Amino acid sequence: MKGPTEMATTRAPKQGTAAAAARRAEGASAGDAAVKKDVKMQVSALRSGTVIDHLGPRTALKALRLLGIGDDATVLIGVNLDSRKLAKKDLIKIEGRELTPDEINKIALLSPQATFSIIRDFEVVKKFRPELPAEFEGLIRCVNPACITQDPRVKGRFLTVRKEPLKLRCHFCERSLREDEIEFL
């Protein structure tokens, strides 16, 4: 069994073999592509913390900003990784921190297909894909400039109209928002 920081790799044949000579003669062949595809990289296991997997591509950095992750945190970020479910995905591992329900809801709004794993003593104790709440408050801002929620003293309240594709409705002005219009607080 490999240790948590070891990498599993498929090695190319040694330079002196006939297969290697044939590949050199052919240039970059399909065999080289197959060797590269078989390469897997494993990273350190978390002692405790949260893993956020299946984030939409290019959303990991925005997720970190939403969570207020500081420079002193131990975080692993994978961006634009291959995924069987999504074609491409992002991944975040956060050492020593379990997310609050509001933080989980923010990430679910950012990337509804995200999955969360809670790790304690190197073991996954809980794995889930959160459901968007039917109604939520204080997470996002209404984009309607005439809405009462433009006043910072008023918390935005939204209803989930549809989950795929995501569509929300402001409780106060009834303006509908698409996923690409969401402005997080």
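Reader: Why is the crossing in which α3 passes α4 called right-handed?

Author: α3 passes α4 in the clockwise sense, hence right-handed. This is a predicted model, in which local features need pLDDT of at least 70 and side-chain atom pairs count only at 80 or more, while totals for chains, interfaces and linings use all residues. Residues are numbered from 1 along each chain as its sequence is written, and side-chain values use heavy atoms, leaving out hydrogens and water.

Reader: Which residues of α3 and α4 meet?

Author: In α3 they are K62, A63, L66 and L67; in α4, E103, K106, I107 and L110. Contact means heavy atoms within 4.5 Å. By class, five are nonpolar, three charged and none polar. Here Ala, Val, Leu, Ile, Met, Phe, Trp, Tyr, Cys and Pro are nonpolar, Asp, Glu, Lys and Arg charged, and the others, Gly among them, polar.

Reader: How do you know that α4 is mostly covered?

Author: Eight of its ten residues are buried. They are E103, I104, N105, K106, I107, A108, L109 and L110. Buried means under 20% relative accessible area; exposed is over 50%, and partly exposed lies in between (1.4 Å probe, protein chains only). Across the 185 residues of the chain, buried ones make up 35%.

Reader: Why does L76 count as partly exposed?

Author: L76 has 30% relative accessibility, so it falls in the middle class. Its place is in strand β2. The C-alpha atoms of L76 and K93 are separated by 5.0 Å, although the two are 17 residues apart along the chain.

Reader: What makes β2 and β5 edge strands?

Author: The open sheet of five strands has the order β2-β3-β1-β4-β5, with antiparallel pairing. β2 (75-83) and β5 (123-128) each have a single partner strand, so one side of each lacks a neighbour in the sheet. From one strand to the next, the twist averages 15°.

Reader: How do you know that β1 pairs with β3?

Author: Pairing needs at least two DSSP bridges. Five bridges join β1 (residues 48-55) to β3 (residues 87-95), and the strands run antiparallel. G49 stands opposite E95 in β3. Five bridges also join β4 (residues 115-120) to β5, where R120 stands opposite E123. In that hairpin two residues lie between the strands, and D121 takes a positive phi near 50°.

Reader: How many helices and strands does the chain have?

Author: Four helices and eleven strands. Both are DSSP runs numbered from the N terminus: helices are H or I of at least four residues, strands E of at least two.

How values were computed: Axes fitted to C-alpha atoms, helices over the stretch in contact; angles between N-to-C directions.
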